[in-house]
Every structure is written in structure tokens, then in C-alpha cells.
Amino acid sequence: MRKVAVSGVGLTGIREHWGKSLRDLFEEAALKAFEDAGTDDIDALYVSNMGAANLQRQLNLGAMMADALGKRGIDALRVEAASASGGVAFHEGVKAVASGLCDSVLVGGVEKMSDGLPDEVTASLAMAEDQEYTAYTGITKMGMNALIHRHYMERFGVGAEEIAMFAVRGHEHARGCPHAQYPFKISVDRILSSPMEADPIHMLECAGIGDGAAAVLLRPAGESGDCVEVASTAVASGHYYLTERPDILTFEAVRGAAARALEYAGLSHGDIDLVEVHDDTTITGVLALEDLGFVDNGKGATYVSEGLTARDGELPTNTFGGLKARGNPVGATGLYQVAEVALQLRGQAGPCQVEGAEVGLAQSVGGLGSTCAVTILRRR
Amino acid sequence: MSVPRYWREIRYRYRLIGERCADCGALFFPRRGACPQCGSKNLEECKLSERGTVASWTVIRNPPRDYGKYSPYVVALVELDDGVRVLSQVVDVEPDEMKTGMRVEATFRRVKEDGSSGLIEYGYKFRPIIG
């Protein structure tokens with residue numbers, strides 16, 4: 001297998017882009033990635049997206065976006081794995097280049113959530129779960145997270161304040177980030193006095209609704225002088241039903257993907273300089289640190305509140321704000337994470353820069369941990 | 001939703017029927033092609049317990065489409081007395097009366113009404129056991 005390099009990255013700001021369509025956003029990110037890579041010569045296109053079938057009634061995104069980029073004729077398709085779509089699409093793109101089947105692949109994610117009414121967006125996000133027996137109960141994505149949030153507090157005796165600190169840290173990190181949707185500080189008091197979204201989760205503990213697109217261009221390492229290499233990618237599936245997990249606070253897919261990605265890369269936890277994790281609410285961010293293996297079970301919230309995930313801490317986490325503060329344009333989110341890790345390793349993270357970052361890990365999660373993609377990038 | 005899609009789940013949703021693995025004994029819900037424990041295809045239908053205990057719960061305040069008229073409502077992770085866990089709304093209780101560990105029993109209720117097809121859907125919900 002060939003080594004693969006990240007040759008170009010392109011991001012749109014995450015906003016409510018009332019004046020831009022799904023296609024407009026994708027084009028913007030893709031063209032920026034071409035410019036950054038210094039080439040628009042690609043032989044395959046992977047488009048990651050979760051909600052367009054529901055929110056725009058739009059499918060066949062591969063052909064649509066290839067046409068929009070003037071690339072008719074190439075191999076093009078859409079990749080969907082709920083909110084892990086971006087991480088899974090990246091994994092597929094890496095496989096295509098590593099195998100030698102493709103020499104230049106664009107992996108782009110896009111989501112345009114503001115086209116849907118609030119109850120449509122809520123229903124769309126719940127499509128990650130079984131429609132006949134899970135979503136059928138009327139539970140939402142945030143409601144699923146709330147079941148584990150309450151159980152975490154009750155089992156480990158952890159307070160609401162410590163868990164809410166995950167969002168506080170994200171907002172601190174997003175300050176100065178040009179693509180972040182909410183680049184400002186927020187206090188624990190403000191979070192815990194916001195309305196309940198799904199008890200015990202407050203509205204300001206949840207990632208918001210945003211539109212955005214992120215794209216990366218992959219080529220064989222060594223051919224272009226690119227300084228960021230894909231050390232490994234891994235995707236794992238886990239229990240589809242929350243009800244059947246031996247422990248609802250353990251996401252086996254996250255553990256499996258993390259173990260595999262570290263093994264493939266020949267790295268251990270101590271080699272990782274920064275992580276981007278999937279905090280669609282505060283509790284999933286906390287559990288990510290535990291399931292990725294950086295912190296013991298039940299210790300994640302304390303680890304965060306003690307400052308160890310800060311930019312100058314032991315494990316800088318969500319260095320551009322994460323889903324909560326950078327934003328969560330669902331199908332594109334996994335590619336924002338990968339692009340952000342690449343910017344860190346290039347030293348192009350601006351005010352968000354983690355000094356001396358050599359190796360970074362991104363974790364993209366679909367459903368309530370039923371799919372997980374882990375990507376590890378390193379400086380060459 | 002089409003009538004057949006609703007109709008084919010009636011047996012399981014109305015009566016709370018899961019499956020038991022004839023090889024490893026695992027009991028699970030909902031039904032599927034292979035045992036989630038051992039992968040066996042040797043499965044038989046099994047009526048689940050209708051009583052259980054709340055393991056965790058939430059209150060849905062921003063519901064998905066078609067559920068708005070019931071909001072806010074409680075959804076709980078219920079551990080049945082036979083060990084199977086199900087996700088279900090808990091009714092006949094105010095959110096501020098909910099507690100982890102509460103004993104609940106299955107009841108048969110209206111779940112939602114589909115505006116475009118006119119279908120009225122029913123299924124299990126749970127309610128506190130009184131006394």
C-alpha cells in the first residue's frame with residue numbers, strides 16, 4: 001500500500017448560509033482545496049453528506065458535484081454514515097489512493113441544515129437510529145445523548161458543572177477561528193441556565209445547526225512535497241441499539257477504531273499531540289476521551305475541567321472549538337476535523353495553533369457511537 | 001408512512017414480542033436475522049416481560065416531526081424483568097415525578113398520527129406501577 005498525503009484543504013465558514021445552496025457550499029470548499037493543493041486534477045470524488053435526501057430531497061451527489069466542478073467523467077459517489085459520514089468518506093478516499101487505484105482524490109463533505117424547518121432537522125438527525133424501534137419512540141439525537149448523560153452523572157457522581165466544562169473549553173478554543181460558527185467565550189453559568197433541550201442536557205451543551213463544507217485533496221505521499229501524511233485511518237461499527245450494549249457508557253466502535261488506527265500507525269497514546277473529537281453534546285465529548293483511551297472511565301469530565309484539554313494542556317482537544325463552537329454541519333464535520341488536524345501539523349492554525357504539533361487524531365462518530373472513524377495524521 | 005410498513009410491525013409493537021436464540025439463550029428486541037450475541041440464525045419468537053425498571057430517562061422538549069402535539073414527553077431506557085432493555089415513552093407521569101429506578105409496566109397507546117396518509121399509529125408505552 002502507498003503512503004497517502006493530504007495535499008490540499010478547503011473550508012467554508014460554518015454559518016446559516018441563507019444565500020448559498022448545498023452545491024454552492026460544496027463548490028467553495030472544493031475550489032479552495034484545489035487552490036491549496038496547486039492542482040485540480042482528480043480521478044475520483046467522494047462526497048460525504050447525511051441530510052440532503054431529507055432536507056433538500058437531493059441525491060446522486062457524486063454526479064451533481066463532479067458536474068459542478070467541471071469534472072464529468074470521473075468516479076464520483078456519495079458516502080453516508082450519519083454524522084460519521086466525513087470520517088468514513090476520508091477513510092474510503094485514503095483506501096483509493098493507498099491501493100494505487102487512484103492517484104488524486106477529492107473528499108468533500110457538505111451539509112445545508114438551514115434549508116429544513118426545526119422539526120425536520122430534528123427528525124433528520126434521528127435517522128441515524130432505527131426508525132421502527134428507536135426513533136419511533138419520539139426520541140431525538142439529543143435525547144439519546146441525555147440517557148447516557150444522566151447515567152454518567154448517577155454512576156460516577158459527576159456534577160453538571162464538570163461535564164458542561166467541555167463546552168466552555170471548546171468555545172475558548174474557537175476564539176479567532178475564522179471558520180467557527182460560535183467563536184466566543186461562554187460561561188458554565190450561562191450554559192447551565194439555558195433551557196433544557198433533553199433533560200439533563202441544556203440547550204447550550206448541544207452543537208447547533210449549521211451549514212458548511214470541507215474538502216481535502218489526497219495524493220500519494222512524496223510526489224508533491226506535501227508535509228502532512230495519513231498515518232492511518234480505521235472505521236468500526238458497534239452495537240446499533242443502545243439498549244443492547246453491555247455498558248451504555250462504552251462505545252465499542254470508538255474503542256475498536258482507535259485501537260486499530262493506533263496499531264496501523266505504529267503509535268501509542270503518548271505520541272498523539274492533539275485530538276479533534278465528536279462532541280455533539282458535552283457528554284459525548286467527555287466519553288470520546290475515555291473511549292479513545294486517553295482517560296479512565298468516569299474521569300473524562302474531571303480531566304477537562306482541570307484544564308488538561310486546553311491548548312497548552314496535556315492533550316489539546318478540539319483546538320478550533322469542536323462541534324459545539326466550530327460548528328457541526330453534520331455530513332461535513334468529520335472532514336472539518338481532518339482539515340483542522342492538517343492545518344495544525346502545517347503550522348497554519350493561526351490563533352488556534354498548538355505549538356510543535358507533529359501527530360494529531362480525529363474521531364468522527366455516527367449515531368450514538370454505532371459507527372466510528374478514527375484518522376491519524378502526522379508531519380512528514 | 002405506508003400502511004404495510006406500519007402493519008408488518010403490529011405483532012411486535014402491540015404485544016412486545018422479541019426473539020430468543022435457541023443456541024446461546026440470548027433474549028433480544030427487536031427481532032432480526034442473527035443473534036446479536038452469538039450470530040446464530042436459530043431463533044424463535046418470545047413474548048417479553050411487560051414490567052421493568054427505569055435505568056435512565058430524559059424529557060423530549062424539541063420533538064421531531066409528527067410528535068409535536070405530545071411534547072414535552074418522557075423517554076426512558078427500561079430494563080424489563082426478563083433482562084431485555086427497551087426504549088419507550090413513559091406516560092401518566094409528570095417529568096418532575098420521574099426517577100431512575102422507578103417501576104413501570106407496558107401499556108398500549110397512540111404513538112403518532114401521520115398527517116399526510118391519515119394513519120393513526122399505536123404501540124407500547126410504559127407507565128408507573130401504582131402501589
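**A loop residue, a helix and some strands**

A: Ser21(A) lies in the loop that runs between strand 1 (4–11) and helix 1 (22–37) of chain A. Helices (H or I, at least four residues) and strands (E, at least two) are DSSP runs, numbered from the N terminus. The model is predicted: local features need pLDDT of at least 70, side-chain atom pairs count only at pLDDT 80 or more, and totals for chains, interfaces and linings use all residues. Residues are numbered from 1 along each chain as its sequence is written, while chains are lettered from A and ligands numbered from 1 in the order in which they are written.

Between the C-alpha atoms of Ser21(A) and Val168(A), which are 147 residues apart along the chain, the separation is 31 Å.

Also in chain A, helix 6 (residues 141–156) has 16 residues and spans 23 Å from first C-alpha to last, close to the expected 22 Å; the expected span is 1.5 Å times one less than the number of residues. Its buried residues include Lys141(A), Met144(A), Leu147(A) and Tyr152(A).

In chain B, 3 strands make an open antiparallel sheet in the order 2-1-3. Strand 2 (27–28) and strand 3 (43–47) of chain B are at the edges with a single partner strand each, so one side of each has no neighbour in the sheet. Strand 1 (residues 17–21) of chain B pairs with strand 3 of chain B over 5 bridges, pairing being at least two DSSP bridges between two strands. Glu19(B) is opposite Glu45(B) there.

Strand 5 (residues 73–80) and strand 6 of chain B pair in the antiparallel sense over 6 bridges, with Leu77(B) opposite Leu87(B). These two strands form a hairpin with 4 residues between them, and Gly83(B) in the turn has a positive phi of about 95°. In strand 6 (residues 85–90) of chain B, 6 of the 6 residues are buried, so the strand is largely enclosed by the rest of the structure.

Finally, the contact between the chains takes 28 residues from chain B and 25 residues from chain A, counting residues whose C-beta atoms, placed from the backbone, lie within 7 Å. Strand 4 (51–60), strand 5 and strand 6 of chain B each give two or more residues to the side of chain B that touches chain A.

Terms used: Buried ≥ 20, exposed ≤ 12 C-beta atoms within 10 Å, placed from the backbone. Contact = placed C-beta atoms within 7 Å.
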